[in-house]
Amino acid sequence: MAEDLAWGNRSSVSEFILLGFSSQLQMQLMLFVAFLVLYLLTLLGNGLIITLIVTDSRLHTPMYFLLANLSCLDISYTTTTVPQMLIHLLSKRKTISYARCAAQMYIFLSLGITECILYAVMAYDRYVAICHPLRYAIIMSRPSCIKLVVGSWTCGFLFAMMHTGFTMRLPYCGPNKINHFFCEVPAILKLACADTRVNEVVDFVLGVILLMTPLSLIVASYCFIFAAVLKIHSTEGKFKVFSTCSSHITVVTLFYSAAMFMYMRPASSYKPERDKKFSLFYNVISALLNPFIYSLRNKDVKGALVKLVCKE
């Protein structure tokens with residue numbers, strides 16, 4: 001309660017109303033069932049990936065250590081927004097306090113930025129494995145992997161603090177209706193009763209740094225990988241490398257395309273109904289598809305799953 005008052009003193013708005021996707025009761029019930037199924041499948045798929053990697057010794061490698069972290073991120077990412085959305089679909093009161101809105105924004109941004117950086121780390125792992133196979137065990141040793149993952153999480157939480165601070169320092173004096181299903185930066189800025197041009201510039205610059213920098217590293221890694229693949233004479237060898245990298249490329253494309261659309265564009269192009277769908281895509285759909293993309297295209301993961309089922 002004290003936290004709510006501390007945040008509320010900075011603005012005349014003490015709570016926000018999340019409008020979500022629909023105000024029609026029948027549609028809300030349908031959306032509740034659909035999103036509940038998506039959320040449970042996300043928990044099941046990513047939870048299964050983590051379980052397989054932890055229990056199967058053949059998956060105790062840097063690549064799968066990073067994949068387990070990605071699955072952990074995806075579970076946390078969706079849990080930040082989806083449970084609240086499900087509650088609001090069944091209740092008449094769809095409010096969120098000022099402090100909890102700021103907390104949700106901070107956690108969501110932290111996890112999202114961490115995921116952006118982790119994708120770059122995963123691309124670097126594939127680069128070392130394919131271009132420097134003899135030094136792979138040394139470069140991607142367990143201490144190195146832990147440092148890379150901890151660094152990704154640390155950068156995520158630090159940059160998110162800056163992003164959230166710039167957004168929530170603005171005065172919000174009404175209206176307090178957010179045309180979104182969670183407290184996302186572009187939707188919140190629309191409610192500020194002050195000039196937001198500085199915020200828009202800061203958000204754009206942060207978007208460029210936090211999205212384009214990891215993406216540039218990913219592209220550079222795969223340029224070196226493809227150059228190395230062209231030197232492989234064996235067709236089977238080329239296919240093995242491409243099958244290993246294709247899952248990561250697919251996931252990166254899905255996540256970055258939606259995230260860049262949301263955070264690297266002028267505020268004037270903000271359209272609530274369209275943007276909610278894009279947010280849903282990189283927040284929920286991407287997290288849902290990740291374990292399926294990796295498991296369906298990965299023989300090691302499928303082998304571990306068969307082993308676990310047979311053991312049961």
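Visitor: Why is Val37 called partly exposed?

Guide: This is a predicted model, and the values are computed from it. Val37 has a relative accessible area of 41%. Buried means under 20% and exposed means over 50%. The value for Val37 lies in between, so Val37 is called partly exposed.

Visitor: Where is Val37 found?

Guide: Val37 is in helix α2, residues 25-55.

Visitor: What makes the nonpolar surface patch?

Guide: Val33, Val37, Leu41 and Leu44 make a patch of about 340 Å². A patch residue needs over 30% relative accessible area. Val37, at 41%, therefore passes that cut-off.

Visitor: How much space lies in the largest pocket?

Guide: About 710 Å³. Its lining has 26 residues, with Met63, Lys240, Ser243, Thr244 and Asp300 the closest to the centre.

Visitor: Which helices each supply at least two residues of that pocket's lining?

Guide: α3 (62-90), α4 (98-131), α9 (235-263), α10 (272-296) and α11 (299-311) do. The largest share, eight residues, comes from α9.

Visitor: How do the residues of the lining of the largest pocket divide by class?

Guide: There are 12 nonpolar, six polar and eight charged residues. Take two of those closest to the centre, Met63 and Lys240. Met counts as nonpolar and Lys as charged, so Met63 falls in the nonpolar class and Lys240 in the charged one.

Visitor: What makes a space a cavity, not a pocket?

Guide: A 1.4 Å probe fits in a cavity but cannot get out, whereas a pocket is open.

Visitor: What lines the largest cavity?

Guide: The lining has 16 residues, and Leu109, Gly112, Ile113, Leu211 and Tyr263 lie nearest the centre. α4, α8 (197-230) and α9 each supply at least two residues. By class, the lining has 12 nonpolar, three polar and one charged.

Visitor: Which residues line the second largest cavity?

Guide: Among them are Leu18, Phe21, Gln28, Met85, His88, Lys94 and Phe181. The largest share, three residues, comes from α3. The lining divides into six nonpolar, five polar and one charged. Lys counts as charged, so Lys94 is the charged residue in this lining.

Methods. Residues numbered from 1 in each chain as written. Predicted model: local features only at pLDDT ≥ 70, side-chain atom pairs only at ≥ 80, totals over all residues. Heavy atoms only, no water. 1 Å grid on protein atoms, 1.4 Å probe; cavity = no way out; pocket = protein on both sides within 12 Å on 5 of 7 lines; lining within 4 Å. Points joined across faces, edges and corners; volume = space filled by probe spheres on them. Helix = DSSP H or I, 4+ residues; strand = E, 2+ residues; numbered from the N terminus. Patch = residues over 30% accessible without salt bridge, like charges linked within 9 Å, V, L, I, M, F, W, Y side chains within 5 Å. Areas by Shrake-Rupley, 256 points an atom, 1.4 Å probe, with all protein chains shown as cover. Salt bridge = Lys/Arg side-chain N within 4 Å of Asp/Glu carboxyl O. Buried < 20%, exposed > 50% of the residue type's maximum accessible area, 1.4 Å probe, protein only.
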